[in-house]
Amino acid sequence: MTGPARTTSRRAFLTAGASLSALALATTAAGCQSSPDADHLSVAEQFNLPVPTGHLDVILSAPLGSDGLSPFTTRSLQNTAALWHVYEGLSIMDPTTGTTQPGLSQKLFNPADAVIDVSLRDGAIFHDGMPVTPADVIYSFEAALDEKNKFPNRELLDFFDHAVQVADNIVQLRLKYSTPEINERLSLVKIIPEGTDPASLLDHPNGTGPWRIKERDAASQTLAFEAFDQYSGVFPALYETMTWHVEHSESAIADAVMDGSMQVALPVPPAKYRELAKSSRAKNSTLHLGSQKSKAAVYAMFNHDEGRAFSTLEARRGFMKAFDYQGCAKQVFATYVDPVKSPMYPGTPGFNASRSVYTYAPEEARDLFARAEISTIRLLASNEPWTRAVAEFLKGNLKEVGLEAELEILPWWDAVKRMEEDSDGWDAALVCLDPAFTGFHPDTLLRSLYASPFWADSRLHLGESELLAEIRDVLDRSARLDLMGEDLQRAWQKLMDRIATELPLYPLMWLRALSAIDTSKVADLPDTNALGFIAATATPPSQMEKKR
């Protein structure tokens, strides 16, 4: 969906009104008359909150994606993490903890409601200075649902019908049905100004989030941010500026956190994590190390197109049995990784291990490949360092059972595009996915991955498979409330068993989020469950007393 240029005249009026309201509020809160420059004060200065100070340097081992920085197109890990800082939804999902908070709405939503009145946050403005209005919310949802915009999480908005303005600062959401994941789902739609062409956001980001992007340097793989001092939400930036640095050298990452030139590292390479844990800084607590089980995984994806190597179940099972998980866990991840027992995220209540759990069985793999009559394959992999390492390890596993793999490693978005645009150019692909920005509910997993047109239809070419039809049937019946409670739980478990047996795609291992934080320069940043960095509550130690 595209639209006309923003209507400045209407917004200019609204901006003036918002400025006067904010000034009056600040004066009342302070209990004194405002100074002539009061309308230029930051939100922190007006209300005696911690003021952004200093600079935060973050070193990342995963590269920035090639899919740009727009909430309407971006899917790659670090780019999605970057956009979390720039844009907000009506609610905000904190990938660090997996919890949701109010975003541009003043409060969270009742999962039982099918009609929701949303009161917009007082004082919320875009980075260009325009106030947020119900019209912006309505436009953003319409843009997300417009197929032309290729919104990344469109399949997770099936519950949404339409939105209408019911008061100056209230928008009403009318849903097709209520959903228990309402707060997570509404966080996915980032609110943009009415009339904005979503494509223009690639070059001109304009959100309401706590940070603004200052500069992206593709050559040096750095991304620079500055605090948005008129932010009025729950996750204010508490550093004046922040720079992300992508580093491919494991030794350089470890050295940077040891010498203090970088204050945060994520993910820390597993072998270096073990070294850092033995360092003097870790022992004297000036360097905090975190190791959290995540829901991220390296997925094996198969091209099911007729005639391709993995269009047969024998070949897909052979692939899984050829993979030496234990050897990979030790050699690649220094054991900081967890085995897969089900396609459902580990730790999800109510789920058991699937009936098919794959272990290293090279002779069985050799026999299955022989029955499938394949001896060579084309293997793609996304270019995160851990995915690359798994791909190279797996290539060796396949060679040991008589299968030659031609391996090509591409940036995440380039690999995903190849899967869609060149069906003859790949047989299997290893792709890293982290659901920390979408949610962990079973319904979300099924809709966003196994039944998603983006994956199942456009890339995996599952066609009219009975498994895909069954997944979509369960999702439809649960939406209509024909499946509920224990019956729905049984249906989900049955689907997980069938996915593990038929292998449309499958996780090879669950990753851990390994982080390092310089506690002399960063406070109040919890250990993260996500692989993409989120500044969230990161605070200069000097500001902690005021923050408390």
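Good morning. The structure holds 18 aromatic pairs; rings of Phe, Tyr and Trp, the last by its six-membered ring, count as a pair if their centres lie within 6.5 Å, and planes under 30 degrees apart are called stacked, over 60 edge-to-face and the rest tilted. This is a predicted model, in which local features need pLDDT of at least 70 and side-chain atom pairs count only at pLDDT 80 or more, while totals for chains, interfaces and linings use all residues. Residues are numbered from 1 along each chain as its sequence is written, and side-chain values use heavy atoms, with hydrogens and water left out.

I begin with one pair. The ring centres of Phe 141 and Phe 160 are 4.5 Å apart and the planes meet at 20 degrees, so this pair is stacked. Phe 141 belongs to helix α4 and Phe 160 to strand β5, 19 residues apart, and the pair links distant parts of the chain. Helices (H or I, at least four residues) and strands (E, at least two) are DSSP runs, numbered from the N terminus. Both Phe 141 and Phe 160 are buried, where buried means under 20% relative accessible area, exposed over 50% and partly exposed in between, with a 1.4 Å probe and protein chains only.

A second pair is Tyr 345 with Trp 510: the centres are 6.0 Å apart and the planes at 70 degrees, so the pair is edge-to-face. Tyr 345 lies in the loop between β12 (337-338) and α11 (362-372), and Trp 510 in strand β16 (residues 505-518), so parts 165 residues apart in sequence are tied together. Tyr 345 and Trp 510 are both buried.

Further rings deserve mention. Trp 211, Phe 225, Trp 244 and Phe 533 make up one aromatic cluster. At Phe 454, the charged end of Arg 75 sits over the ring, 3.4 Å from its centre, and Arg 459 lies over the face at 3.7 Å from the ring centre. Here a charge sits over a ring if NZ of Lys or CZ of Arg is within 6 Å of the ring centre and within 35 degrees of the ring normal.

Next, the sheet. Three strands form an open sheet in the order β4-β6-β5, with antiparallel pairing; two strands pair if DSSP finds at least two bridges between them. Its edge strands are β4 (115-119) and β5 (160-167), each pairing on one side only. From one strand to the next, the twist averages 25 degrees. Six bridges join β5 to β6 (residues 170-175) in the antiparallel sense, and Ala 163 stands opposite Leu 173 in β6. Helix α4 (residues 134-145) packs on this sheet, touching β5 and β6, and its direction makes about 170 degrees with that of β5. Axes are lines fitted to C-alpha atoms, for helices over the stretch in contact, and angles run from 0 to 180 degrees between N-to-C directions; contact means heavy atoms within 4.5 Å.

Finally, helix α16. Its 14 residues (466-479) should span 20 Å at 1.5 Å a residue, and the end C-alpha atoms are 20 Å apart, which agrees; the expected span is 1.5 Å times one less than the number of residues. Among the buried residues of α16 are Leu 467, Ile 471 and Val 474. The buried residues of α16 pack against α14 (442-450), α15 (453-457) and α17 (485-502). After α16 comes Leu 481, with a positive phi near 65 degrees. Thank you.
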